[in-house]
Every structure is written in structure tokens, then in C-alpha cells.
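Subject: Structure handover

Hello,

Here is the structure I promised to pass on. Please open it first, then read my notes below.

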Amino acid sequence: MDYRRVWHAGGTYFFTVNLLQRQHNDLLIRHIGLLRQVVSSVKQRHPFIIHGWVVLPDHLHALIELPANDSDYATRWRLIKSGFSKAIPQEEYRSTVRRRRGERGIWQRRYWEHCIRNEADYRAHMDYLHINPVKHGLVAQVKEWPYSTFQRLVEQGIYPQDWAGGSEDEVGYVD
């Protein structure tokens with residue numbers, strides 16, 4: 001399969017990054033402190049702005065903006081995934097291919113990326129990201145999920161505290 005990525009210096013991107021074994025796996029929230037440390041460390045060496053982020057038990061979504069002269073999100077994700085993988089105990093199953101390559105069996109090799117095109121696209125992806133814990137049945141209301149940027153954005157006046165109220169029909173930014 002021919003994967004084509006969009007490389008736009010200074011671009012804003014939405015990502016979905018999945019664990020390899022998604023069923024009944026809470027690895028990301030179990031090691032949330034470590035994941036935060038790794039992201040912070042990568043951010044210091046390879047800056048980016050986090051507009052929105054949500055960590056679920058088996059995957060995460062992020063909406064980030066790269067510096068004006070930089071389009072290298074691949075390095076950032078490689079460093080985040082490898083830094084996290086190296087820091088947790090090796091307890092997961094690894095296929096023969098992964099063992100031969102010296103790879104862990106934690107992350108799916110690829111991730112989904114989308115270059116944000118305009119303000120409506122940005123808002124739709126921010127809403128999608130924050131409603132995701134409700135969509136997956138992890139909480140009844142967005143404000144209940146502790147592993148996202150939602151509360152920070154409430155404090156900034158971007159979302160109201162009761163945004164979405166547990167219903168995907170009620171999504172939308174505060175204007």
C-alpha cells in the first residue's frame with residue numbers, strides 16, 4: 001500500500017495513534033504520567049503547540065501545530081512512541097518479526113494524520129477529540145474524563161464546562 005503523507009511546514013495536524021493490542025488494554029492511562037513526561041521531553045527538543053489532546057486506554061488523539069519552518073511530525077511521533085515504549089516494562093507479546101527488528105509490541109506502526117484545512121475543520125477535529133471518551137462509553141460527560149485538554153480549554157473560555165452534556169448532538173465551540 002502506498003501511504004502518502006501531507007508535509008506542510010507550520011501546519012496544524014490531527015493525529016490518531018493506536019496501541020497494537022487495543023482490546024482490553026488500558027496501558028496509556030495506566031502509564032499516563034510517563035506518557036506526559038515523554039511528550040514534554042519531545043516537545044522541549046522538537047517544539048510544537050498542543051491545541052487539543054485526549055488519551056484513552058488504547059489510543060490517543062492529538063491536534064498539534066508545528067513551528068513555521070518545520071513539517072517533521074514523523075520524528076516527534078517516533079520519539080514519543082519509542083520513549084514511552086522504552087520506559088515501561090517489557091511484558092507484551094511480540095511477534096517474531098518485531099523481535100527480529102528489535103521492536104516492542106506496544107504501538108501500531110502507522111498512525112492516522114490529517115492536515116487541518118480551515119477553521120471549521122479545526123473546530124470539528126477539536127470537538128471530535130474531546131467527545132471521544134463519551135463516544136467510547138468511558139464517561140457520561142466530557143468534563144468527567146481527566147486525560148484530555150478539555151479542562152484547560154474550559155479555563156480559557158473556549159468550551160463551557162457542561163459542553164456536550166453527554167450527547168454528541170450538542171457539540172460545538174463557544175462563539
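Is Asp70 buried or exposed? Asp70 is buried, because its relative accessible area is 19% and the cut-off for buried is under 20%. Please keep in mind that this is a predicted model.

Salt bridges

Asp70 has a charged partner. Its side chain meets that of Arg76 in a salt bridge, with 2.6 Å from N to O. Arg76 is buried too, at 2% relative accessibility. So both ends of this pair count as buried.

How many salt bridges are there? The count comes to five. Besides the Arg76 and Asp70 pair, I describe two others here.

One of them joins the side chains of Arg117 and Asp121, at 3.9 Å from N to O. Arg117 is exposed, with a relative accessible area of 63%. Asp121 is buried, at 8%.

Another links the side chains of Arg123 and Glu119, where N and O are 3.2 Å apart. Both residues belong to helix H5. They are four residues apart there, so about one helical turn separates them. Arg123 is partly exposed, with a relative accessible area of 28%. Glu119 also counts as partly exposed, at 47% relative accessibility.

His125

Where does His125 lie? It is in helix H5, which covers residues 119-135. His125 counts as buried, because its relative accessibility is 13% and buried means under 20%.

What does His125 touch, leaving aside residues up to four places away in sequence? The contacts are Phe14, Leu63, Trp112, His114 and Ile116. One of these, His114, is 11 residues from His125 along the chain. The C-alpha atoms of the two histidines are separated by 9.5 Å.

A polar atom of its side chain lies 2.9 Å from the backbone oxygen of Asp121.

Where to look

Start with Arg76 and Asp70, the buried pair. Then go to helix H5 and find His125.

Best wishes

Definitions and conventions: Residues numbered from 1 in each chain as written. Predicted model: local features only at pLDDT ≥ 70, side-chain atom pairs only at ≥ 80, totals over all residues. Heavy atoms only, no water. Helix = DSSP H or I, 4+ residues; strand = E, 2+ residues; numbered from the N terminus. Buried < 20%, exposed > 50% of the residue type's maximum accessible area, 1.4 Å probe, protein only. Contact = heavy atoms within 4.5 Å. Polar contact = N/O pair within 3.5 Å; in protein donor to acceptor, adjacent residues only side chain to side chain. Salt bridge = Lys/Arg side-chain N within 4 Å of Asp/Glu carboxyl O.
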